[in-house]
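Here are some notes for a first look at this structure. Please read them with the model open.

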Amino acid sequence: MAPDLSAPILVVDDKAGQETLVAALHAKGYTSILAADNAPAAWKLLHQSPVKLVICELVMPQITGIHLLRKIRADNALAGLPVIIMSAAKDPRLISAAVTSGATDFMVKPFDPETLERKVATALTPRTPMPAGQKRLLDAGEKLIEQYRYDDALKIYTKALKDDPLLAAAYHGLARIFKLKNDKAKHRAFLERAVQVYAQTEKFVEAEELFKELRKHYPDANNPFKAAGEANLAAGKPQEAAQAFLKALDITPDDLDLDLKLAQAYQASGEEEKSLGTIMRVLKKKDVSPEGREIYAALTGEDWDANPGSVAGK
């Protein structure tokens, strides 16, 4: 579902930050943007205008972005409002604090236009509520774990997954059971699967949080967003695959194989300009990539020429 480009967005940052973000949002087609340079001004606007999304700087004078976020979550009229917290700091503790306080997402500054577009579109897209039957099963599994009835809980989560193989919370429940049973192999397998499914279904905040838990137990764990992108690409969902690969690049930005897969996803979704820009980035770093050369030729009708003294393909 495409985001509503007319949805009112409130940007909370200093003047320089406002100008950068507002310009970037306008460039992506968003037409209704409000701005405030501190939390009190933002709070006033939130009660005067029908804001659909808040993008807020973490570090602000007097009242921080986290404090504003907590006020929003404590207000009955605003509690469900999507809030993206942004900061130049890459400290995992800050990200964790933002998510724990109820942030919809976290964005590291400076950001690229594609990351901004993806995070804003995801935040503005309404989520489908979990079916009542699924929630009952998950709640039942949780209670059985609390009662130390691990085998019964295992049956509940297995039934939930039979009904919906993409129910990430059920994989997480199974991971918890096997952790309590001291079965490290199955704990890791189900935890990895839960993270991958969260990523595959575009629940990126949940995926990031659970990935931290996964890395805490298993530092050599693979990037789950890469696997999610590959799964979506294989399933004929190139746009979803591109979003997952972009998220994977947030974690491992120097992985050229990810750039290659991102280019393939863009190509499959008909976004040829993005595909070409991405594949040229790959070829400039690794011009021996046969897959990269193949994509470049398909997009341009020319062969890639890495010789800086010549024009590519001439």
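1. Asp 13 is buried, because its relative accessibility is 3%, under the 20% cut-off. Its side chain meets that of Lys 109 in a salt bridge, 3.0 Å from N to O. Asp 13 sits in the loop between β1 and α1, and Lys 109 in the loop between β5 and α5, so the pair ties together parts 96 residues apart in sequence. Lys 109 is partly exposed, at 22%. Bear in mind that this is a predicted model.

2. The structure holds 18 salt bridges. Another one pairs Glu 117 with Lys 28, with the closest N and O atoms 3.5 Å apart. Glu 117 lies in helix α5 and Lys 28 in the loop between α1 and β2, so parts 89 residues apart in sequence are tied together. Both are partly exposed: Glu 117 at 27%, Lys 28 at 25%.

3. Lys 181 forms a salt bridge with Asp 151, at 3.1 Å between the closest N and O atoms. Lys 181 is in the loop between α8 and α9, Asp 151 in helix α7, 30 residues apart. Salt bridges with shared partners also join Lys 28, Glu 117, Glu 271 and Lys 274 into one network.

4. Look next at the second largest pocket, with a volume of about 950 Å³. It is lined by 32 residues. Val 108 and Lys 247 are among those nearest its centre. Helix α10 gives the most to the lining, six residues. The lining divides into 16 nonpolar, one polar and 15 charged residues.

5. Gln 134 is in helix α6. Gln 134 counts as buried, at 15% relative accessibility. Leaving out residues up to four places away in sequence, Gln 134 touches Asp 164 and Leu 167.

How values were computed: Residues numbered from 1 in each chain as written. Predicted model: local features only at pLDDT ≥ 70, side-chain atom pairs only at ≥ 80, totals over all residues. Heavy atoms only, no water. 1 Å grid on protein atoms, 1.4 Å probe; cavity = no way out; pocket = protein on both sides within 12 Å on 5 of 7 lines; lining within 4 Å. Points joined across faces, edges and corners; volume = space filled by probe spheres on them. Helix = DSSP H or I, 4+ residues; strand = E, 2+ residues; numbered from the N terminus. Nonpolar A, V, L, I, M, F, W, Y, C, P; charged D, E, K, R; others polar. Buried < 20%, exposed > 50% of the residue type's maximum accessible area, 1.4 Å probe, protein only. Contact = heavy atoms within 4.5 Å. Salt bridge = Lys/Arg side-chain N within 4 Å of Asp/Glu carboxyl O.
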